[in-house]
Amino acid sequence: MDIGQKLRELRLQNDLTLEDLASRSELTKGFLSQVERNLTSPSISTLTDILNALGTNLSEFFHEEKEEQIVFSVQDFFEDVQEDYTIEWVIPNALKNEMEPIRLTLHPHKRSHELQAHSGEEFGYVLKGAVTLVRGNKKYKVKAQETFYISGTTSHYLYNHGSSDAVILWITTPPMF
């Protein structure tokens, strides 16, 4: 952690000049300038005085939240290979999120597992091949470059009626897979 830089950012967030902070913390402007440029290090007691003048404390100052991962690569994916299909969880630990995206590869003349009725919604995008969305007693053909969007109020599954693998990006809310 760059203590000097973080102190400078806090001072600027509080709209204070070095002179203002010096007055509030009973330290010299020159000393505070050296601390901000990491030319000197304050004692714990002095740092506490500076932080109090900035409206915070040692605990808040040194608390750093873990940076959230936003971009995921193939190395992050988790794969579950079944006889009829392969599921790739493209976002690790998606169960903690509001939605869960998977990449489903459905083998020819095979079906996905059936999702039971739930209170959420689902979106699917057929990347390759064609599938039949079987929802209750209704069937919907969905081919490559087409999408589906449904409520989860009726149990449903996908069936690959083609002779080659179908690949679907399937997103559910809440997480269901």
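Lys110 and Asp84 join their side chains in a salt bridge, at 3.8 Å from N to O. Lys110 sits in the loop between strand 3 (100-106) and strand 4 (121-128), and Asp84 in the loop between strand 1 (78-81) and strand 2 (85-89), so this pair ties together parts 26 residues apart in sequence. The model is predicted. The count of salt bridges comes to 5.

**Exposure of the loop pair**
- Lys110 is partly exposed, at 30% relative accessibility.
- Asp84 also counts as partly exposed, with a relative accessible area of 23%.

**Strand-to-strand salt bridge**
- Glu88 and Arg103 form a salt bridge through their side chains, with an N to O distance of 3.1 Å.
- Glu88 belongs to strand 2 and Arg103 to strand 3, so the pair links parts that are 15 residues apart in sequence.
- Glu88 is buried because its relative accessible area, 13%, is under 20%.
- Arg103 is partly exposed, at 36% relative accessibility.

**Lys143 and Glu146**
- The side chains of Lys143 and Glu146 also meet in a salt bridge, at 3.9 Å from N to O.
- Glu146 is partly exposed, with 30% relative accessible area.

**Largest pocket**
- The volume of the largest pocket is about 220 Å³.
- Its lining includes Lys66, Glu67, Glu68, Gln69, Ile70 and Phe72.
- Ile91, Pro92, Asn93, Lys96 and Asn97 also line the largest pocket.
- By residue class, the lining of the largest pocket splits into 4 nonpolar, 3 polar and 4 charged residues.

Terms used: Residues are numbered from 1 along each chain as its sequence is written. This is a predicted model: local features need pLDDT of at least 70, side-chain atom pairs count only at pLDDT 80 or more; totals for chains, interfaces and linings use all residues. Side-chain values use heavy atoms; hydrogens and water are left out. On a 1 Å grid over the protein atoms alone, a cavity is a set of points where a 1.4 Å probe fits but cannot get out, and a pocket is an open set with protein on both sides within 12 Å along at least five of seven lines; lining residues have an atom within 4 Å of a point. Grid points are joined across faces, edges and corners, and a volume is the space filled by probe spheres set on the points. Ala, Val, Leu, Ile, Met, Phe, Trp, Tyr, Cys and Pro count as nonpolar, Asp, Glu, Lys and Arg as charged, and the others, Gly among them, as polar. A salt bridge is a side-chain nitrogen of Lys or Arg within 4 Å of a carboxyl oxygen of Asp or Glu. Helices (H or I, at least four residues) and strands (E, at least two) are DSSP runs, numbered from the N terminus. Buried means under 20% relative accessible area, exposed over 50%, partly exposed in between (1.4 Å probe, protein chains only).
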